[in-house]
Amino acid sequence: MAQSLELLLIQFLMPDNDARRQAEDQIKRLAKDPQVVPALVHHLRTAKTPNVRQLAAVLLRKKITGHWAKLSPELRQLVKQSLIESITVEHSPPVRRASANVVSIVAKYAVPAGEWSDLLPFLFQCSQSAQEEHREVALILFSSLTETIGNSFRPYFADLQALLLKCLQDETSNCVRVAALKAVGSFLEFTHDEVEVIKFREFIPSILNVSRQCLDSGEEDVAMIAFEIFDELIESPAPLLGDSVRAIVQFSLEVCSRSNFEPNTRHQAIQIISWLARYKSSSLKKYRLVVPILQIMCPLLAESTDRDDDDDLSPDRDAAEVIDTMAINLSKQVFPPVLEFSSLSSQNANPKFREASVTALGVISEGCLELMKGKLEPVLHIVLGALRDPEQMVRGAASFALTQFAEHLQPDIVSHHEIVLPCILNALEDASDDVKVDAYEKSYYALAAFCENMDEAILPFLDPLMGKLLAALQNSPRNLQETCMSAIGSVASAAEQAFLPYAERVLELMKIFMVLTNDEDLRSRARATELAGIVAMSVGRARMEPILPPFIEAAISGFSLDFSELREYTHGFFSNVAELLEDGFSQYLPHVVPLAFSSCNLDDGSAVDVEESDEDDNVNGFGGVSSDDEAHDEPRVRNISVRTGVLDEKAAATQALGLFALHAKSSYSPYIEETLKILVRHSTYFHEDVRLQAITSLKYLFFFITDILEAVQAVFQSHNEGIIKIKEVFDTVLNIYIKTMTEDDDKEVVAQACMSVADIMKDFGFMAVEPYIPRLVEATLALLREESTCQQIESDSEADEDDADHDDVLMDAVSDLLPAFAKALGAQFAPIFSQLFEPLMKFSKQSRPPQDRTMVVATLAEVAQHMGAPIAGYVDAVMHLVLKELGSPDATNRRNAAFCVGELCKNGGSSVVKYNADILSRLHPLFGESEPDNAVKDNAAGAVARMIMSHPENIPLHQVIPILLQVLPLKEDHEESTAVYGCICNLVLSSNSHVNFLQFWATDPFNLIVILSFAPQLVSIFAQVAVSPVESDEVKVHIGRAFSHLISVYGHQIQPVLGNLSPAQANALAAIAPKS
């Protein structure tokens, strides 16, 4: 075989394709015989040309796995010895590397079996050799062997680390230093023990030195290994970097600043900064690296590139990602320098810098939202100025920024609609043909985002908006039409019933789009289907139901087209129609539910990218023999990708199932079991978007089953079977929620689970959750202590909890659980609250962001409200915080604090009385003209009312009543109506000596004078409450009784006041006054 194989190897290397193909076929035939192994070993050692020796090694690597067990001990020894000789004697570097790859495969089987005990000593000996080639090949082998026999290195790990560090510092050979760098990367990837990984920290200076040398010599691909190593170190939870962060950041900034480097090299450098911002943000702050990073990243936003705009390696896009990540994790440090950059760059003569100035502001708007809200005027000055810039690129960036503001700076940004919306409308007037579509599209994106949250504020702009949108919808290219549809949807959502005059025209146009079938039109069809559902919601059931059938038919027909985005938007359309029609949707369920099931059961479309060959296989075309069926090398998975369209479709279908159940009610009963199976499966789906919708829909299913108990029993044959099934569903849903709270790694998914549990407790009470209380409390404790899985994923080992940003995604949802517990359990919540109190109060530290304290105070208020008397035990612990928050610069904090202090006074018993003077003193400014927020005044009024009702004998009523009355009637927070008007009415009624409600009032003649002196003001307040459309009948009944009492006691004195009332007010008061 040896002689014929040699000829075949030579023939395989010929340029003649036919000869090559014949040789490959013959080699495959011979390779099935185990004797091919010694034959290949022979040619590896004796062939005259390096190409033949290398090909022999490549084939040997591929064949030896299948034949190793069939070889005699003597042949195995021959193979091992020949490989060692090839490594040490071979002069050709490619042949040495190919032989090393064979060693790695053989070692996988021989070393664990104890058949190659001298391999590791040999490698250590080689690594100390005076010959550069030996040291290099030893390091190459150390790298490759980590994949096959990594565990065998564990006893020698300390020696290996010392060896690698020494080789990294090899002063005589760049090849050895590069090989050592690669070996470090391999060992770090293999090593998971924290103690072992930490030892790599001392490698960082040497890694940086080798990388710089490689970059200087043009070996950028080698330097990339350094970035892979840093990536591993950064993602490790161990404190690996220390002050080396400075050097890594400096190196990365040097690389990404060099425009002459390859795009991928610069991309990897910027990614390191991004990972540091995500995983080690406190280190960037600690070592004062935020500003130096931004000084490079912000100008990179202005870097011109000739590549495609969609190029993921463009430096401006990479820089934007870094700035975004830093803003989310280091908002306080990021906002000032970015605002300074934007202010200066907005005046730059270079339009790229003017573009960058507004791009930067848009990028940081999510992370720096609270800081930006405080500086909206200067920020908008920059962005609206850019919207008028002569350069299209600048105007487009300004539109992008406004889109981001509309998403992240609510509700503050909408209050500026009078200046923002006209600027956007002006931007739509761009008549330049060469920029019209692009400028229009970005402006319409901004318009769509901005209008969505305007509500009734949009009404004055409705005509000009719809005029432009309808014109563009009918006379523009497809991509612009799609953006127009999004904008129309936002306008319709905001305008609601006021959209009626435009609905018919829009729906007629959508009907045209919804029957398009050409591939290039399907995205427009998807947007049209979505818009039809939104407009239907605005129009209402009465007008929409008669004209729905053709839209439903068109939507269903779209499923025959192979376009995932269309199916996604159609599920959303059906969800809207289900909400619109409620029980009237039942006729469509047999058609649309199977479609949702089908989308939920779609193949994920996962694509695994497998790396099957080393670079040696393809040198000189050697890859041609790699398709052999007998090759047993294990492939290496490089990455997994998923078709996002399928994910979005699954998420939309999962959401639709929950909404169908919620709105169609008993008609949905036949689909319960299959729906539950899907939602349970999707609750642990690999992608968070699908899990989120499953967690939400499970709550709807929970509500659905409780609403239709009789229908469920009918489906399940008997009463007992129905009850058992309901309990199974309860168990399933609540067990999933508890597991999600502690084990899911996505904060938004966990937050939704928390909100769902809170809703279930609030709506169904203690009995529904009693068996799960201990585990729910345990899960809540883990979240408050920030110990759940989702709170560890992005943890920074050096993070300072006192400088954390408020986690409004998760912690606001977690804090809702405590009032839900309190509402469900009442006073029985006391022993549980004693466990939760300290972890909750951690968020009230002065060093925490104001939003954390808002959360704490709001939680305390609601707990006090629902738990009742046991809150008295916490008054001393929380009163200082609550009183301080009454003076907070943030209106939400003042409002929550006022509500909280009122509930403490109501339920805190005698333990609160000693604080009365301080409470009244802190509340007093909230009643004055200096308080701009009506909701704060309303809650302050509620607090005073609760104080009076709880301990009237300790309140100076003659001082308090005038101040209280001056803020009435309530302007915004009508949830305070019962407390405030209840207090006033009881005071009025108690002024009758025959009413004993407040004895102090009846026995104190001065109080009679007080109530008489304010009778005219009270009548005016009562009249305004009587005509208010937002006040409840219960409140008005109470007001009517008090008014009637005033008339009976002080009728003569207040007659002039009654004469000044409007007819509507007089009639309203007369209507609510009890008839004698």
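**Core, loops and salt bridges**

Modeller: Let's begin with Phe 1022, which touches Ile 984, Cys 985, Val 988, Ile 1039, Ala 1042, Phe 1043, Leu 1046 and Leu 1069, leaving out residues up to four places away in sequence. Keep in mind that this is a predicted model.

Colleague: Thanks. Which residues have the most contacts inside the largest nonpolar core?
Modeller: Those are Leu 923 and Phe 1022, in a core of 371 residues. Helix H40 (residues 747-769) gives the largest share of this core, eleven residues.

Colleague: And what does the second, separate core include?
Modeller: That core has six residues, among them Leu 522, Ala 526, Leu 566 and Tyr 569. In soluble globular proteins, nonpolar side chains tend to be buried together.

Colleague: Changing topic to loops: where does Phe 499 lie?
Modeller: Phe 499 lies in the loop between helix H27 (478-495) and helix H28 (500-513).

Colleague: Is Phe 499 buried or exposed there?
Modeller: Buried, because its relative accessible area is 1%, and the cut-off for buried is under 20%. Beyond its neighbours within four places in sequence, Phe 499 is in contact with Met 466, Ile 488, Val 491, Ala 492, Val 506, Val 535 and Ser 538. Phe 499 and Ser 538 are 39 residues apart in sequence, while their C-alpha atoms are 6.9 Å apart in space.

Colleague: Nice. Where is Ser 844 found?
Modeller: In another loop, the one between helix H44 (830-841) and helix H45 (850-867). Ser 844 is buried too, at a relative accessible area of 14%.

Colleague: What lies 2.6 Å from a polar atom of the Ser 844 side chain?
Modeller: The backbone oxygen of Met 841. Not counting residues up to four places away in sequence, Ser 844 also touches Arg 853, Val 856 and Leu 881.

Colleague: On to charges. How many salt bridges does a search of the whole structure find?
Modeller: The search finds 30. One of them joins Glu 565 and Arg 523, with the closest N and O atoms 3.1 Å apart. Glu 565 sits in helix H32 (residues 564-581) and Arg 523 in helix H29 (residues 522-539), so this pair ties together parts 42 residues apart in sequence.

Colleague: Are those two buried or exposed?
Modeller: Glu 565 is buried, with a relative accessible area of 18%, whereas Arg 523 is partly exposed at 38%.

Colleague: Which residue does Lys 699 form a salt bridge with?
Modeller: Asp 759, and the closest N and O atoms are 2.8 Å apart. Lys 699 belongs to helix H37 and Asp 759 to helix H40, so the pair ties together parts that are 60 residues apart in sequence. Lys 699 counts as buried at 11% relative accessibility, and Asp 759 counts as partly exposed at 25%.

Colleague: What about Asp 745, which residue is its salt-bridge partner?
Modeller: Arg 691, with the closest N and O atoms 3.2 Å apart. Asp 745 is in the loop between helix H39 (719-743) and H40, and Arg 691 is in helix H37 (residues 688-707), 54 residues apart. Asp 745 is partly exposed at 43%, while Arg 691 is buried at 6% relative accessibility.

Methods
Residues numbered from 1 in each chain as written. Predicted model: local features only at pLDDT ≥ 70, side-chain atom pairs only at ≥ 80, totals over all residues. Heavy atoms only, no water. Helix = DSSP H or I, 4+ residues; strand = E, 2+ residues; numbered from the N terminus. Buried < 20%, exposed > 50% of the residue type's maximum accessible area, 1.4 Å probe, protein only. Polar contact = N/O pair within 3.5 Å; in protein donor to acceptor, adjacent residues only side chain to side chain. Contact = heavy atoms within 4.5 Å. Core = buried A, V, L, I, M, F, W, Y, C linked by side-chain atoms within 4.5 Å. Salt bridge = Lys/Arg side-chain N within 4 Å of Asp/Glu carboxyl O.
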